[in-house]
Amino acid sequence: MDSAPKILAIQFKYFGDAVLMTPALRAIHERYPGGELHLLVPEEIAPIFQHEPWLTRVWPMPRRRGTASPGRTWPVIRKLRQERFAQSVDFASNDRGAIASFLIGAKERLGRNDGGGFWGRRFCYTNCVSRDEKLLHESAQLAQLLSGLGIPLPGNLKAEIHADPALAGAAKKILPGEGTVICHVASSQPKKEWPLGHWARLHRLARDAGHNLVFTTARGERELSLMTEFKKLAPNAVILPLIAELPLLLAVLQQAKVFISGDTGPLHFAAGLGVPTISLFGPSSPARWAPIGKRHQALAGTACPCDGNSAVCQRDVHCLAAISPEQVVECLKRNTRF
């Protein structure tokens, strides 16, 4: 293998999964500091990586979930083919990533052999690596794929992203006060959301303890309705304005003293930016998905029977309801030591 190869990393999954890939990207750069490391991701995810110091170039891929758009994607594929990559690494190893790997045409194409997907997916790669079931955390699984390039599992599995420093001033105008705790009440699925009554009680308890809390949500109609209901329960709570631009959202998150949420993309944004987090887990496993490091605390609810096909908790009492607001306030006390 060339001592300074040109490598393309590919990740066609969601925001949190993309952030958890950063330890693996860092490991590639550390193994080949003189090489080029490019990254192909969906265009909505690309801003996460624009300020990573060890990436040569980020390639945004236009996409619409569930449909193919060859008229928009082929120009990107054609330009990537012209780069003549020595290796490509498809971290998601799904159908979209496998086809892109094949079309881009790196000499060595690395991916998973998990099965599933369209019948020809395994033939899109020249080298497949099986998952190591002994590795619990998703960041470790992603980095373990690099064994196909002879890169050992890195000792540092902490996520790392960087906000645009030019947006720091605008972020400070949005986030009120110093030492602000950001609470994100929404997730991609209702089964991953802490009950609104718990958020309202946390607001009262934390305010009485001298903490400065603000609340955010996502931009979808359901998520916005959550904030409307929360405002009825906590009329004095400070609600941040919606931030449509991902680069500005990252800059705002970086200003926070602590970030609190369920298992959702912004949780991993905050952790990657170096902000201490308190994460609330129910149906998903904190051993697999919680941020890594002493600055991060994870609380888990009761065991949940919900499967991956269910968006709503199937228990009579939501599994996350077992996490009390008092527990979160106690975590906030511990976070003041950082």
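Predicted model: local features only at pLDDT ≥ 70, side-chain atom pairs only at ≥ 80, totals over all residues.
## Helix H7 against H8

Two packed helices are described by the angle between their axes and the distance between the axes. Helix H7 spans residues 196-208, and helix H8 spans residues 221-233. Their axes come within 9 Å. They cross at roughly 45°. That angle makes H7 oblique to H8. The crossing of H7 past H8 is right-handed.

On the H7 side, the contact is made by Leu 196, Gly 197, Trp 199, Ala 200 and Arg 204. H8 contributes Leu 226, Glu 229, Phe 230 and Leu 233. By class, the residues of this contact divide into six nonpolar, one polar and two charged.

## Helix H7 against H12

H7 also packs with helix H12, residues 325-335. The axes of H7 and H12 come within 9 Å and cross at roughly 45°. H7 and H12 are therefore oblique to each other. H7 passes H12 in a right-handed crossing.

Which residues of H7 meet H12? They are His 198, Arg 201, Leu 202, Leu 205 and Ala 206. Their partners in H12 are Pro 325, Glu 326, Val 328, Val 329 and Leu 332. The contact of H7 with H12 has seven nonpolar residues, one polar and two charged.

Ala 321 sits in the loop between strand S12 (296-300) and H12. Its relative accessibility is 22%, so Ala 321 counts as partly exposed. Setting aside residues up to four places away in sequence, Ala 321 touches Pro 195 and His 198. His 198 is also one of the H7 residues that meet H12.

Ala 321 and Ser 284 are 37 residues apart along the chain. Their C-alpha atoms are separated by 14 Å.

## Helices H9 and H10

Helix H9 covers residues 246-254. Leu 246, Leu 248, Leu 250, Ala 251, Val 252 and Leu 253 are buried there. What do the buried residues of H9 pack against? They pack against helix H1 (15-20), H6, strand S7 (180-184), strand S10 (258-262) and H10.

Helix H10, residues 265-272, is mostly covered: eight of its eight residues are buried. They are Gly 265, Pro 266, Leu 267, His 268, Phe 269, Ala 270, Ala 271 and Gly 272. Gly 274 follows H10 and has a positive phi, near 90°.

## Gly 169 in H6

Gly 169 belongs to helix H6, residues 168-174. Its relative accessibility is 43%, so Gly 169 counts as partly exposed. The C-alpha atoms of Gly 169 and Ala 251 are separated by 8.9 Å. Along the chain, Gly 169 and Ala 251 are 82 residues apart. Ala 251 is one of the buried residues of H9.

Gln 144 is in helix H5, residues 138-144. Is Gln 144 buried or exposed? Gln 144 counts as buried, because its relative accessibility is 13%, under the 20% limit. The side chain of Gln 144 makes a polar contact with the side chain of Arg 112, at 2.7 Å. Not counting residues up to four places away in sequence, Gln 144 touches Arg 112, Val 129, Ser 130, Arg 131, Asp 132, Leu 135 and Leu 153.

His 137 lies in the loop between strand S6 (127-129) and H5. His 137 is buried, with a relative accessible area of 10%. Its contacts, leaving aside neighbours within four places in sequence, are with Leu 20, Ala 287, Arg 288, Trp 289, Ala 290 and Ile 292.

Arg 84 has a positive phi of about 55°, although it is not a glycine. Arg 84 lies in the loop between helix H3 (70-83) and strand S4 (87-90). With a relative accessible area of 73%, Arg 84 is exposed.

Ser 93 is not a glycine either, and has a positive phi of about 55°. Ser 93 lies in the loop between S4 and helix H4 (95-104). Which side of the burial cut-off does Ser 93 fall on, buried or exposed? At 4% relative accessibility, Ser 93 counts as buried.

How values were computed. Residues numbered from 1 in each chain as written. Heavy atoms only, no water. Axes fitted to C-alpha atoms, helices over the stretch in contact; angles between N-to-C directions. Helix = DSSP H or I, 4+ residues; strand = E, 2+ residues; numbered from the N terminus. Parallel < 35°, antiparallel > 145°, perpendicular 65-115°, else oblique. Left-handed = near helix turned anticlockwise from the far one by under 90°. Contact = heavy atoms within 4.5 Å. Nonpolar A, V, L, I, M, F, W, Y, C, P; charged D, E, K, R; others polar. Buried < 20%, exposed > 50% of the residue type's maximum accessible area, 1.4 Å probe, protein only. Polar contact = N/O pair within 3.5 Å; in protein donor to acceptor, adjacent residues only side chain to side chain.
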